[in-house]
Structure formats: C-alpha cells, structure tokens
Amino acid sequence: VPLVYINIIIAFTVSLIGLLIYRSHLISSLLCLEGIILSLFIIATLIILNTHSTLASIMPIVLLVFTAFKAALGLSLLVIVSNIYGTDYVQNLNLLQC
Amino acid sequence: MSLVMVEVHVRIMVTYIVFVLSIIFVISFVGVSSKPSPIYGGLGLIVGGGAGCGVVLSFGGSFLGLIVFLIYLGGMLVVFGYTTAMATEQYPEVWVSNKVVLGAFILGLVVESLIVIYALKSGEVKIVFEFDGLGDWVIYDTGGSGVFSEEVTGIAALYSYGVWLVIVTGWSLFVSVVIIMEITRGN
C-alpha cells in the first residue's frame with residue numbers, strides 16, 4: 001500500500017536529518033545510522049513482498065549482515081575515543097592546537 | 001459503556017493496523033533522532049524495530065519479520081546497549097528534561113501529523129510521485145502454486161543460487177573480527 005511507503009520514507013528522512021545534526025554524543029549519531037539501515041531494510045522487504053520477486057529476498061538478509069559489520073566498526077572507533085578522552089563528546093574530536 | 005466504545009474503535013481500527021504501525025514506526029524514529037541520551041535513543045530504536053517487524057509480518061513476510069526481531073534487536077541493539085553503558089557515564093537526559101530535545105520531538109510529531117491528516121483528507125499525496133489510494137489493500141497474488149507452500153519467504157533461505165555470496169559474507173565477517181581486534185588494540 002503506497003501510504004505505508006510514504007511513512008517509511010518519512011522515517012528514513014527523519015533519521016537522515018538526525019544523523020547530520022550533532023548534539024553532544026557520538027553514539028547517538030551511530031544510533032541514527034542504525035535507524036537509517038532499519039528503514040531501508042523494511043522498505044526493501046515491503047517492495048519485495050508486494051511484487052513477489054522471490055529471488056531478491058536474499059538482499060535484505062545480506063544487508064543486515066553487512067550492517068552488523070559496520071556497526072561493530074563504528075562502535076570500536078567509539079571505544080577508542082572513549083578510552084582516550086573519558087567520554088564520547090564530539091567536542092573532544094578537535095585537533096586544533098592554538 | 002466506555003468498554004463498548006473502546007471495542008468499536010478497536011474493530012474499526014483493525015483494518016488500518018498497518019497504517020497505525022507505520023505511524024508508531026515514524027514517531028519512534030523522531031524520538032531517536034531528537035537525540036535525548038543514548039540509552040533512550042536505543043529504547044526508541046527497540047520500539048521502532050518492533051513496529052517495523054509488525055509491518056513486515058502483516059504483509060506476509062514471516063521469516064523476514066522474525067529476522068528483524070532476532071538478529072537486529074536481539075543481536076545488534078544489545079551490543080549497542082552494552083557499549084552505551086560502558087562508554088558514557090553521566091546523568092542521562094530524558095525527552096522532557098531538555099527544551100531542545102523536547103522541541104525537536106514536538107516538531108517531528110507536528111510535521112508527521114500534518115502529512116497524515118493531509119493524506120487522510122484528500123485521497124492522495126502528491127510529493128514527487130503520486131501516491132494515491134488509501135484503499136489499495138489487496139496484495140496482488142499470482143495465485144501461487146498450492147503444492148509447495150510459501151513462495152517468497154521460503155526461497156529467502158534457498159542458498160543454492162547464492163553460494164558465492166554466502167562464502168563472501170562469511171569471510172568478510174571473519175576478517176572484520178580480526179580488523180576490530182587490531183583497531184581496539186590501539187598503539
């Protein structure tokens with residue numbers, strides 16, 4: 001049903017805007033990235049289920065596999081930043097020395 | 001009396017339950033994206049994942065909906081929750097404790113309700129494409145062969161065409177474990 005598609009595209013856009021705007025934490029941007037991937041997965045699954053294209057059902061599962069890899073990589077970088085600075089505020093990521 | 005009214009509302013709303021679930025999906029993403037504090041963002045993602053799983057299940061994709069629940073919520077968000085508990089130590093701020101967060105959340109709710117009311121009043125929403133018809137509730141079925149049962153979700157697990165893909169993803173996950181150990185070891 002097209003109205004459900006509109007809602008999920010709105011959710012994708014909301015998460016995209018949330019990814020581009022920083023507040024104080026780095027991990028909340030990673031959470032918005034996870035939200036983007038979840039909305040992409042759901043809209044791909046809905047279109048594949050509606051058009052009955054059977055063989056393309058492999059795609060959402062493989063998307064989740066590579067999402068796990070990306071989330072782990074982002075979290076490991078966050079752990080390094082947190083080990084150096086104590087917390088993960090984005091104002092710590094400032095190499096400017098003057 | 002009020003119980004009868006609640007029952008009538010529920011009976012009318014059940015035909016539109018997919019729409020209600022997708023609205024809950026959008027509202028939870030607005031709650032994540034207005035960035036309260038990482039723990040509550042994770043809570044919003046859990047609710048959104050549950051609503052998304054409900055949407056996929058009501059379109060008939062049972063295997064993919066359960067994958068959302070088990071692998072996405074149970075695997076990756078648990079990892080996010082533990083890392084959040086480890087990496088951020090402070091006083092967490094809720095959605096109502098900071099004016100910026102509350103303002104962003106209310107702004108997202110207002111925009112979403114405007115679009116929903118516009119879509120419910122007129123029959124269609126013209127943004128770029130033309131999404132028309134609230135009432136296309138018929139999922140076009142090809143009258144599938146009744147011999148072997150589920151069409152789509154059964155062949156999602158058929159790995160006879162995608163053997164090379166399975167090998168590539170398995171190897172890349174193994175390499176990613178090695179990479180992350182190397183990154184976390186640092187200097």
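**A buried alanine and its surroundings**

Modeller: Ala87(B) is buried, with a relative accessible area of 0%; buried means under 20% relative accessible area, exposed over 50%, and partly exposed in between, with a 1.4 Å probe and protein chains only. The model is predicted, so local features need pLDDT of at least 70 and side-chain atom pairs count only at pLDDT 80 or more, while totals for chains, interfaces and linings use all residues; side-chain values use heavy atoms, without hydrogens or water. Residues are numbered from 1 along each chain as its sequence is written, with chains lettered from A and ligands numbered from 1 in the order in which they are written.

Ala87(B) belongs to helix α4 (residues 62-87) of chain B. Helices (H or I, at least four residues) and strands (E, at least two) are DSSP runs, numbered from the N terminus. Leaving aside residues up to four places away in sequence, Ala87(B) touches Leu78(A), Ser82(A), Gly86(A), Thr87(A) and Asp88(A); a contact means heavy atoms within 4.5 Å.

UniProt, in an unreviewed entry, lists residues 12-32, 39-60, 66-88, 100-120 and 158-181 of chain B as "transmembrane region". Its positions are given in the numbering used here, feature names are shortened, and annotations may be inferred rather than shown by experiment. In the model, residues 66-88 of chain B are 96% helix and 0% strand, with end C-alpha atoms 31 Å apart. Residues 100-120 of chain B are 100% helix and 0% strand, and their end C-alpha atoms lie 30 Å apart.

For chain A, the unreviewed UniProt entry gives the same feature name to residues 6-22, 29-49 and 61-85. Residues 61-85 of chain A are 100% helix and 0% strand, with 36 Å between the end C-alpha atoms. Residues 29-49 of chain A are likewise 100% helix and 0% strand, with 30 Å between the end C-alpha atoms.

A further meeting of the two chains involves helix α7 (residues 163-185) of chain B. Thr169(B), Ser176(B) and Ile180(B) are buried in α7(B), and the buried residues of this helix pack against α3 (58-85) of chain A. Helix α7(B) has 23 residues and reaches 34 Å from its first C-alpha to its last, close to the 33 Å expected at 1.5 Å a residue; the expected span is 1.5 Å times one less than the number of residues. Just after α7(B), Gly186(B) takes a positive phi of about 75°.

Side chains of opposite charge can pair when their charged atoms come close. In α7(B), Glu182(B) and Arg185(B) lie three residues apart, about one turn of the helix, and their side chains meet in a salt bridge (3.2 Å, N to O). A salt bridge is a side-chain nitrogen of Lys or Arg within 4 Å of a carboxyl oxygen of Asp or Glu, and the structure holds one over all chains. Glu182(B) is partly exposed at 44% relative accessibility, whereas Arg185(B) is exposed at 63%.

Chain B as a whole has seven helices and two strands, in the order α-α-α-α-α-β-β-α-α along the sequence. Of its 187 residues, 32% are buried. Among contacts in chain B with a separation of 6 or more, 61% join residues 24 or more positions apart.
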